[in-house]
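Look at the structure below before reading on.

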Amino acid sequence: MSKSAPTGAGARTRARELMVQALYQKQIAGHSTAELVAQYREDTAYQRVDQEFFDELFPAISNAQDALEQEIAGLIDRPLEQLDPIELAILLIGVHELETRIDIPYKVVINEGVNLARRFGATESHKYINACLDAAARSLREIEVQANAGG
């Protein structure tokens, strides 16, 4: 790569936004992970995202979607099929980050999920995303959440 891709919080947020779009497209159109990676790397929006973050997380989330959906099903108060595709995409990203990216504080994961829901989701979906990711954090990051509560 001759020119370096952006990094930092803004570029990472934009990478998550691109992941929501790609995961939504996968659900609606049924494209494969490889097709979507190739397509989004060609997109001009890709030039403004944390590409390393996108390239690591999107394929991992997309390829583990069935396992992640089983976990999400245990956290939500309705059948998985009733989730809006945008909500599901946001929860897939959030649960994956809580599981695998211990370097990202759980509060950041929840906040990013809520902001994605405000940007792309239905009117009140950010409240639902907040509750679901909070439950996921208590389950997947119990020690971190308890340490934070006690602090």
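Are helix 6 and helix 7 roughly parallel or roughly antiparallel to each other? This is a predicted model, in which local features need pLDDT of at least 70 and side-chain atom pairs count only at pLDDT 80 or more, while totals for chains, interfaces and linings use all residues. Residues are numbered from 1 along each chain as its sequence is written, and side-chain values use heavy atoms, with hydrogens and water left out.

Helix 6 covers residues 106–120 and helix 7 covers residues 125–140; helices here are DSSP runs of H or I with at least four residues, numbered from the N terminus. Their axes come within 8 Å and cross at roughly 160°. An axis is a line fitted to C-alpha atoms over the stretch in contact, and the angle, from 0 to 180 degrees, is taken between N-to-C directions. Helix 6 and helix 7 are therefore roughly antiparallel, a term for angles over 145 degrees. Their crossing is right-handed, which means that the near helix is turned clockwise from the far one by less than a right angle.

Which residues of helix 6 and helix 7 meet? On the helix 6 side they include Tyr106, Val109 and Ile110, and on the helix 7 side Ile129, Leu133 and Asp134 are among them. Contact here means heavy atoms within 4.5 Å. The residues of this contact divide into eight nonpolar, four polar and two charged. Ala, Val, Leu, Ile, Met, Phe, Trp, Tyr, Cys and Pro count as nonpolar, Asp, Glu, Lys and Arg as charged, and the others, Gly among them, as polar.

Side chains of opposite charge can pair when their charged atoms come close. The whole structure has 11 salt bridges, each a side-chain nitrogen of Lys or Arg within 4 Å of a carboxyl oxygen of Asp or Glu. In one of them, aspartate 134 pairs with arginine 138, with the closest N and O atoms 2.9 Å apart. These two are four residues apart in helix 7, so about one helical turn separates them. Aspartate 134 is partly exposed at 30% relative accessible area, and arginine 138 is partly exposed at 45%.

Glutamate 97 and arginine 16 form another salt bridge, at 2.7 Å from N to O. Glutamate 97 lies in helix 5 and arginine 16 in helix 1, so the pair ties together parts that are 81 residues apart in sequence. Both residues are buried. Buried means under 20% relative accessible area, exposed over 50% and partly exposed in between, with a 1.4 Å probe and protein chains only. Arg16 and Glu97 are also linked with Glu112 in a network of salt bridges.

Note on methods: Angles under 35 degrees count as roughly parallel, over 145 as roughly antiparallel, 65 to 115 as roughly perpendicular and the rest as oblique.
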